[in-house]
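Subject: Structure for you to look at

Hello,

Here is the structure I said I would pass on. Please open it first, then read the notes below alongside it.

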Amino acid sequence: MKNRVVKIILSSVLICSFICGCSGAAPEPEEIVVTDDIARETEAEEQDEIRQETEEDEDNEDNDAYTNEAFWFCDDDAIVNQKAQKVFEDISRINDGKEIIVTDDKGYITFLIGSVIEKQCITEQDFNEALEAVLPALSPRSDLQFKLVEWLMDDKGNRFVNFKEVFGEDINDINTVKLFFDPEGKMYGLSSTILPFSNTSGEEIDDKKAVDIVIDHMSKDDPGVTYTVVPDGVKRKFTHQTNPYSGVEYLKEVYVVTTNNPHQGEKTSEAPYLDHRVGLQGAYMDSTPAYVNSEVDNNRDYGILDKWFSRASITSYKTSVILGDGIQRDIEVPVVYDDGMYYLEDPKRKMLCAEYYDFKYKDTIRVISSKTNDDWEIDDVVAYYNYIKCYDFYDDDGWTGPDGVGGQTVLLMDYVDENKQPIDNLCYLGRLENAHLFVATSEGDGYSMSMDVAGHEYSHAVTSYAVSGIMYKNETGVINEGICDIMGELIELKDCEEKGIELQLGDIFAMGQSTGVAIRDLYMPTLGEQASEVGGLYFVPSVSIPDDINDHGGVHINSGIVSSICGEMYFDKQIPIAVLQDIWEVAFSLMTPASGYEELAKILPLACEMSGYPELIDDVNDMVLTKRLGSQDPFEAFPAGFVQVKFTLPPWIDWTRTRMVMRDLYNYTFVGWPQKGSNTIYMVVDEGSYQIQLTEFDIHENAIGSWIYTLDGWSSNKDAKASYVIVSADNQGVILEPMKLN
Ligand SMILES: [Zn+2]
């Protein structure tokens with residue numbers, strides 16, 4: 001895609017943070033046979049219960065007194081409703097009733113296929129007019145102000161016009177409306193994320209007080225450990241939250257205080273910084289890992305990159321390598337020569353390879369060099385080559401560099417902690433100045449040789465610019481992960497096509513297969529213990545509080561639902577790689593920061609049309625239906641042959657920080673938690689015998705309560721005997737006994 005103006009944000013996302021089951025010695029098992037009386041309800045009873053739950057949910061949504069949050073909606077409902085009604089009528093008239101509309105649960109449009117304006121839109125003024133015409137149908141807020149921040153044009157001439165909310169002096173990166181037009185200016189449709197704000201009443205603290213609150217909280221919670229606040233590391237930011245009782249998403253302004261991460265290098269904690277969030281009235285909320293910090297990391301002299309990229313003497317290094325899949329690949333990478341030394345550096349693509357340790361712990365960018373151009377580390381060369389292929393894949397379609405405007409790429413090699421111990425991960429660290437930083441190799445991680453894994457990381461950078469403000473949680477996070485897997489695979493398959501490499505059938509669309517061990521399968525996700533449809537085996541629901549304990553709402557566990565659509569398009573419908581690339585690139589350009597499954601169900605057919613393949617729309621609609629992307633309630637149905645297990649949590653357990661694990665006789669593990677806004681856990685598993693454990697966590701992901709299911713029901717006694725619960729599939733579902741306070 002060719003783009004005009006691109007606004008910049010910082011984002012960092014990880015690839016391999018899979019959830020592990022709870023460990024600990026399994027107590028001697030006893031068998032429980034779940035009998036008809038306790039295991040099954042009649043269908044009528046179950047229906048009744050679903051109805052009751054729905055009514056309760058609706059009650060809660062209207063009762064925000066639960067949380068002391070007052071939502072800003074509007075002053076006069078009647079006027080707002082009239083305006084919205086008029087817009088819906090206009091849309092129906094303009095499109096002869098053929099428009100396709102997805103709404104949020106209040107009825108406001110989140111995705112539309114159809115036009116909102118009769119005239120053709122070419123100029124900035126036209127785009128503003130179109131937005132103004134539809135705004136009352138997008139949100140009840142009467143105070144909304146939007147600004148056109150960028151528009152992109154793809155190689156077919158389609159325009160993607162991106163508006164962000166102006167809030168006071170700031171741009172709110174989350175509230176976004178995108179309008180789409182064909183080359184003649186006829187509107188294809190729109191995508192919208194507009195969340196309400198919440199204001200909590202009470203006196204506001206200042207930024208110094210926010211720092212005190214963080215230090216005080218952390219020293220109590222984590223005594224004996226030193227937290228230092230990054231200089232100037234306090235900011236006011238918009239953040240998204242979920243009401244745990246209603247499931248309603250909203251925005252809130254908070255202080256973000258950045259400190260060092262004293263646990264860096266320990267398991268699952270590789271980020272150098274922590275961003276702590278504190279409410280404006282002084283409540284400590286939580287902390288999230290942060291990978292770059294502009295105040296500290298900008299001490300490095302990035303200006304030096306420009307000097308390097310202007311070095312003129314370019315040669316190359318050629319080698320061939322046999323990867324873990326047994327296939328030999330010939331590779332060639334650009335190398336520059338300067339004053340007696342060779343450097344792994346590409347002035348054309350503005351890409352270079354540097355040592356992670358020097359970058360991180362010595363604040364210097366030391367480009368990987370050689371005196372002879374024949375003694376490079378093979379990991380470095382392969383990773384460098386893989387990122388070059390990523391760059392070229394997008395560049396061929398007009399998207400230059402990770403950000404689309406030719407930003408620099410710095411590949412940091414050999415991910416280690418301060419003691420030079422390998423850190424087992426690869427990731428996109430984000431952007432500093434004009435440089436995009438990727439951790440590209442680690443001795444603790446075999447995936448640095450995989451082009452599809454590199455493609456996944458590179459695509460995170462691309463999607464974070466194409467959909468700036470995108471939420472890394474729940475359905476949006478799942479779609480983001482799924483699309484990055486898809487693009488990663490397409491990059492690798494295109495390279496194989498160019499080289500004439502024929503992969504084994506099972507290796508096509510298998511993430512990381514070139515290492516010999518695939519981590520995810522984009523055609524049969526369940527092979528990698530991933531969900532392949534909403535409400536099916538392994539499926540996990542969205543959460544109120546995204547965290548490592550719940551894979552941020554299943555972003556990796558569920559991503560196969562999205563990525564397998566591409567796998568099926570390739571294998572079942574024989575759609576070529578180049579066509580898939582066109583369709584999925586358009587698909588993520590149609591997203592806004594909170595687009596979910598229902599929106600994706602309409603985004604995909606529109607992406608087929610906009611990329612010039614309308615003949616594929618019917619097939620894609622069928623796949624979307626099979627995946628149940630449009631379903632309102634993921635657990636209202638589940639596939640035949642499996643069992644749905646249901647457990648309702650008691651009120652003395654924090655629903656938002658709880659995880660249930662079911663482990664069968666062969667140690668296959670299933671995880672589940674309550675859907676946001678609900679206290680009921682549903683899990684879909686195979687028939688079999690399971691030990692069941694429930695764990696409650698605190699805000700730092702420490703387990704603070706644990707219960708196992710025994711002959712006598714739930715027990716918190718560590719010495720109690722866990723029992724095997726036999727679940728069998730009669731399409732009735734299994735209900736676990738309620739927990740008693742003991
Ligand atoms: Zn990822």
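Helix H11 covers residues 474-499, which makes 26 residues. From its first C-alpha to its last it reaches 38 Å, close to the 38 Å expected at 1.5 Å a residue. Please keep in mind that this is a predicted model.

Is H11 mostly covered or mostly open? It is mostly covered: 22 of its 26 residues are buried. Asn474 lies in this helix, and its phi is near 50°, a positive value in a residue other than glycine. Asn474 is counted as buried because 27 other C-beta atoms lie within 10 Å, and the cut-off for buried is 20 or more. Just after H11 comes Gly500, where phi is also positive, at about 70°.

A second residue to look at is Asn667, in the loop between strand S28 (658-664) and strand S29 (669-672). Asn667 is not a glycine, yet it has a positive phi of about 70°. Is Asn667 buried or exposed? It is exposed, because it has 9 other C-beta atoms within 10 Å and the limit for exposed is 12 or fewer.

Next, the sheet. Three strands form an open sheet with mixed pairing, in the order S30-S27-S35. Its edge strands are S30 (680-685) and S35 (734-735), each of which pairs on one side only. In general, strands of a sheet pair through backbone hydrogen bonds, either parallel or antiparallel. Strand S27 (residues 643-648) and S35 run parallel and are joined by two bridges. Which residue of S35 is the bridge partner of Val645? That partner is Val734.

Regards

Definitions and conventions:
Residues are numbered from 1 along each chain as its sequence is written. This is a predicted model: local features need pLDDT of at least 70, side-chain atom pairs count only at pLDDT 80 or more; totals for chains, interfaces and linings use all residues. Helices (H or I, at least four residues) and strands (E, at least two) are DSSP runs, numbered from the N terminus. The expected span of a helix is 1.5 Å times one less than its number of residues. Two strands pair if DSSP finds at least two bridges between them.
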